[in-house]
Amino acid sequence: MRRFLDFNTYFRSVFNEKVVKLSLSSAATCPNRDGSISNKACIFCSERGSGDFISLKKDIDLQIEEQKKLMAKKWKSNSYIAYFQNFTNTYGDIDYYKNLYNHVIEKDEIVGLSIATRADCLGDDVMDMLDDLNKKTFLFLELGMQSIHDDSLEFINRGYDHRTFDLASRKLKDHNIKFLTHVIFGLPGESKEQMLESVNYLKDLKPFGVKFHSLYIQEDARLAKYYRDHPFKLLTKDEYVNLVCDSIEILPKDIVIHRLTGDADKEKLIAPLWAADKLSVIGSIEKELKKRKLALIDF
Ligand code: SF4
């Protein structure tokens with residue numbers, strides 16, 4: 001059986017113990033929401049900037065303690081990755097981010113830092129900050145690639161083209177800064193071949209990690225209105241499961257699979273309804289991987 005590194009296995013191998021991610025908010029906004037690029041946001045982005053389960057508390061120490069208590073109900077661990085998940089966490093006052101991230105990584109129990117941002121928000125001042133953080137902690141960024149197809153990127157209103165993503169990724173590689181990329185399957189108009197072209201691009205790019213998502217429609221995203229006005233075919237659960245398994249077959253085995261499916265907010269989910277049952281989707285992916293004689297360890 002081939003092995004594919006998943007989040008848990010990978011971090012256990014690096015830190016010799018279970019590492020838990022704490023979802024935190026830097027109180028950032030996003031240039032694709034505040035009018036700098038557009039005020040419309042990406043079409044699937046929820047009110048909370050694609051981080052629906054994040055605390056709304058401002059104080060970062062309180063957020064950390066709250067998340068630690070929450071996570072302790074699920075896992076026993078004394079090592080955490082501070083994960084700044086929602087909105088664009090390198091956009092705005094760079095000194096603010098420097099202070100915030102340095103404050104967080106000084107805590108003994110915080111062994112790593114994960115920063116979600118946009119490929120067009122990595123200017124020289126940001127890169128200097130990242131270079132510095134990269135020397136001090138286990139740093140990785142998250143970038144929303146979603147697709148390599150510019151028609152799809154225009155449809156979702158991401159606000160920059162694939163070339164910009166490609167250049168930014170290569171810059172991060174030159175700086176030895178790890179990053180993972182999000183991929184969305186099921187964007188309207190994309191064929192299965194096109195979706196796998198995005199995966200093949202990642203096969204060559206070799207990012208640190210990948211997060212897979214199915215396109216789902218939530219009440220609080222612009223996509224809800226679009227879907228009502230222009231209904232389009234969404235992926236079935238089987239189609240999604242097969243796309244993820246095909247992708248795992250394509251990707252080099254040292255790319256860490258950080259996520260097999262998205263986290264829809266059940267209260268706000270419009271379609272597809274199967275996306276509400278994350279555990280069942282993961283279970284079906286694992287079953288299909290076994291059938292193909294592939295395996296993810298300890299997902
Ligand atoms: S870049 Fe992220 S936070 Fe900004 S609109 Fe798109 S999904 Fe939302």
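In this predicted model, strands E6 and E7 (residues 209-214) run parallel and are joined by 6 bridges. That pair belongs to an open sheet of 7 strands, ordered E2-E3-E4-E5-E6-E7-E9, with parallel pairing.

**Around E6**

- To get from E6 to E7, the chain goes through helix H7 (residues 192-205), making a right-handed β-α-β crossover.
- E6 also pairs with strand E5 (residues 138-146): the two run parallel, with 5 bridges between them.
- If you want a residue pair to look at there, Gln 146 stands opposite Val 183 of E6.
- E6 itself (residues 178-185) is mostly covered, as 7 of its 8 residues are buried.

**The sheet as a whole**

- Reading across, the strand order is E2-E3-E4-E5-E6-E7-E9, and the sheet is open.
- Its edges are strand E2 (19-24) and strand E9 (256-259), each of which pairs on one side only.
- From one strand to the next, the twist averages 25°.
- As background, strands of a sheet pair through backbone hydrogen bonds, in either a parallel or an antiparallel arrangement.

**The E3-E4 pair**

- Strand E3 (residues 79-84) and E4 are parallel partners, linked by 5 bridges.
- In this pair, Tyr 80 is opposite Ile 110 of E4.

**Helices on the sheet**

- Helix H6 (residues 162-174) lies across E5 and E6, and its direction is at about 165° to E5.
- Helix H9 (residues 237-250) packs on the sheet too, where it touches E6, E7 and E9.
- The angle between the directions of H9 and E7 is about 165°.

- Ser 114 is part of strand E4, which covers residues 110-117.
- Is Ser 114 buried or exposed? Ser 114 counts as buried because its relative accessible area is 0%, and the cut-off for buried is under 20%.
- Which residues does Ser 114 contact, once neighbours within four places in sequence are left aside? They are Ile 81, Ala 82, Tyr 83, Phe 84, Phe 140 and Glu 142.
- Of these contacts, Ile 81, Ala 82, Tyr 83 and Phe 84 fall in E3 (residues 79-84), while Phe 140 and Glu 142 fall in E5 (residues 138-146).

Key. Residues numbered from 1 in each chain as written. Predicted model: local features only at pLDDT ≥ 70, side-chain atom pairs only at ≥ 80, totals over all residues. Heavy atoms only, no water. Helix = DSSP H or I, 4+ residues; strand = E, 2+ residues; numbered from the N terminus. Buried < 20%, exposed > 50% of the residue type's maximum accessible area, 1.4 Å probe, protein only. Contact = heavy atoms within 4.5 Å. Pairing = 2+ DSSP bridges. Right-handed = clockwise from strand over helix to strand, strands pointing away. Axes fitted to C-alpha atoms, helices over the stretch in contact; angles between N-to-C directions.
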